[in-house]
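The exercises below are to be worked with the sequence and the structure in view. Each task is followed by a solution in steps.

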Amino acid sequence: MTITSTEAAAILGLTTASIRSLVFRGDLAPVRPGARPLRFVREAVIELEWRRRSPSEKARIARAAERMRGKMDRGQERTA
């Protein structure tokens, strides 16, 4: 699925000018370079958003995910 520069900017919390800057620096590749309007693969934008997070934020998310997995596992044990 492709998204527009505006949608990519919303995901990354940036402006569309910043999105163009990311493209210029090679940090984000559009689906068709040189085409206008720019479009991006949604998963690539989400991956970039993850890479931009701080290590402490990634660790916090990993801990929360682990807690959720534990709750889901305990819920499955009760229904089995």
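Predicted model: local features only at pLDDT ≥ 70, side-chain atom pairs only at ≥ 80, totals over all residues.

**Exercise 1. Describe the setting of S5: which element holds S5, and what does S5 touch?**

Step 1. The element is helix α1, residues 5-12.

Step 2. The relative accessible area of S5 is 15%, so S5 is buried.

Step 3. Leaving aside residues up to four places away in sequence, the residues that S5 touches are T16, I19, L38 and F40.

**Exercise 2. State how many helices and strands the chain has, and give their order.**

Step 1. The chain contains four helices and two strands.

Step 2. Read from the N terminus, the elements follow the order β-α-α-β-α-α.

**Exercise 3. Characterise the overall dimensions and the surface of the chain.**

Step 1. The radius of gyration of the chain is 18 Å, whereas a compact globule of 80 residues would have one near 12 Å. This radius is taken over C-alpha atoms, and the globule rule is 2.2 Å times the number of residues to the power 0.38.

Step 2. The C-alpha trace spans about 55 × 25 × 15 Å along its principal axes.

Step 3. Of the 80 residues, 19% count as buried. The chain exposes about 6000 Å², of which carbon and sulfur atoms supply 56%; accessible areas come from the Shrake-Rupley method with a 1.4 Å probe, and for residues only the protein chains shown count as cover.

Step 4. Among the contacts with a separation of 6 or more, 47% are between residues 24 or more positions apart.

**Exercise 4. Find how many salt bridges the whole structure has, and trace the network that links E49, R53, E57 and R60.**

Step 1. A search of the whole structure gives five salt bridges. Such a bridge is a side-chain nitrogen of Lys or Arg within 4 Å of a carboxyl oxygen of Asp or Glu.

Step 2. R53 and E49 form one of these bridges, at 2.9 Å from N to O. R53 is partly exposed, because its relative accessible area is 22%.

Step 3. E57 and R60 also meet in a salt bridge, at 3.8 Å from N to O. E57 and R60 both belong to helix α4 (residues 55-79), where they stand three residues apart, about one turn of the helix.

Step 4. E57 is partly exposed at a relative accessible area of 28%, and R60 is partly exposed at 46% relative accessibility.

Step 5. Salt bridges link E49, R53, E57 and R60 in a network.

**Exercise 5. Describe the salt bridge between D27 and R25 and the exposure of each residue.**

Step 1. The closest N and O atoms of D27 and R25 are 3.0 Å apart.

Step 2. D27 counts as partly exposed at 36% relative accessibility, whereas R25 is exposed with a relative accessible area of 53%.

**Exercise 6. Compare separation in sequence with separation in space for S18 and R74, then for P33 and L48.**

Step 1. S18, a residue of helix α2, is 56 residues from R74 in sequence and 44 Å from R74 in space, C-alpha to C-alpha.

Step 2. P33 lies in the loop between α2 and β2 (39-41) and is exposed, with a relative accessible area of 69%. P33 and L48 are 15 residues apart in sequence and 18 Å apart in space, C-alpha to C-alpha.

Methods
Residues numbered from 1 in each chain as written. Heavy atoms only, no water. Buried < 20%, exposed > 50% of the residue type's maximum accessible area, 1.4 Å probe, protein only. Contact = heavy atoms within 4.5 Å.
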